[in-house]
Amino acid sequence: MKRTLLSISIIALMGVFGQAQAAGDVAAGKTTADSCKACHGANGQGVGKFPELAGRKGDEIVQALNDFKSGKRVNPMMKPVAGKLSDEEMANVAAYYASLPKKK
């Protein structure tokens with residue numbers, strides 16, 4: 001019984017640490033997101049027809065970037081931008097924008 005509880009505890013902790021690592025690095029994401037500011041605003045608030053990114057869920061941003069990169073979503077401006085990003089950079093950018101408050 002103790003062995004089972006220990007195993008469950010270890011698995012649970014691995015899941016927590018794995019999620020934290022997958023969440024991305026906000027500071028690194030802020031640097032990478034410099035190229036996003038012209039269209040999405042200095043704080044991800046959106047500009048004109050370009051959508052707000054601030055406060056969005058990180059996994060939604062990563063999915064959108066992957067969809068632009070793969071061609072699943074078509075946007076002539078986003079394909080080359082997303083195409084340059086590694087998975088780690090996508091996670092970092094997503095963490096950065098998710099950390100920002102939505103505009104009011």
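Visitor: Which residues have the most contacts inside the largest nonpolar core?

Guide: Please note at the outset that this is a predicted model. In soluble globular proteins, nonpolar side chains tend to be buried together. Here the largest nonpolar core comprises 17 residues, and those with the most contacts inside it are Ala33, Ile61, Leu65, Phe68, Tyr96, Tyr97 and Leu100. Two or more residues of this core come from each of α4, α5 and α6. The greatest contribution is that of α6, with five residues.

Visitor: What does Ile61 touch, not counting residues up to four places away in sequence?

Guide: With those neighbours set aside, Ile61 touches Leu53, Arg56, Ala94 and Tyr97. Tyr97, like Ile61, is listed among the core residues with the most contacts.

Visitor: How many helices and how many strands are there in the protein chain?

Guide: The protein chain has six helices and zero strands. Read from the N terminus, its elements follow the order α-α-α-α-α-α. Of contacts between residues at least 6 apart in sequence, 61% join residues at least 24 apart.

Visitor: What share of the residues of the protein chain counts as buried?

Guide: Of its 104 residues, 26% count as buried. The accessible surface of the chain amounts to about 7200 Å², and 61% of that surface belongs to carbon and sulfur atoms.

Visitor: How much space lies in the largest pocket, and what is the general idea behind finding it?

Guide: Rolling a probe the size of a water molecule over the atoms shows where empty space is left. In this model, the largest pocket holds about 430 Å³ of space. The elements that give two or more residues to its lining are α3 (37-40), α4 (58-70), α5 (78-83) and α6 (87-99). With four residues, α4 gives the most to this lining.

Visitor: Which residues lie nearest the centre of the largest pocket, and of what classes is its lining made?

Guide: The lining has 22 residues, and His40, Pro51, Leu53, Phe68 and Met78 lie nearest the centre of the pocket. By class, 15 lining residues are nonpolar, four are polar and three are charged.

Visitor: Is His40 buried or exposed?

Guide: His40, which lies in helix α3, counts as buried because its relative accessibility is 9%, and the cut-off for buried is under 20%. Leaving out residues up to four places away in sequence, His40 touches Gln45, Gly46, Val47, Phe50, Pro51, Leu53 and Met78.

Methods
Residues are numbered from 1 along each chain as its sequence is written. This is a predicted model: local features need pLDDT of at least 70, side-chain atom pairs count only at pLDDT 80 or more; totals for chains, interfaces and linings use all residues. Side-chain values use heavy atoms; hydrogens and water are left out. On a 1 Å grid over the protein atoms alone, a cavity is a set of points where a 1.4 Å probe fits but cannot get out, and a pocket is an open set with protein on both sides within 12 Å along at least five of seven lines; lining residues have an atom within 4 Å of a point. Grid points are joined across faces, edges and corners, and a volume is the space filled by probe spheres set on the points. Ala, Val, Leu, Ile, Met, Phe, Trp, Tyr, Cys and Pro count as nonpolar, Asp, Glu, Lys and Arg as charged, and the others, Gly among them, as polar. Buried means under 20% relative accessible area, exposed over 50%, partly exposed in between (1.4 Å probe, protein chains only). Contact means heavy atoms within 4.5 Å. Accessible areas come from the Shrake-Rupley method with a 1.4 Å probe; for residues, only the protein chains shown count as cover. A nonpolar core is a set of buried Ala, Val, Leu, Ile, Met, Phe, Trp, Tyr and Cys residues joined through side-chain atoms within 4.5 Å.
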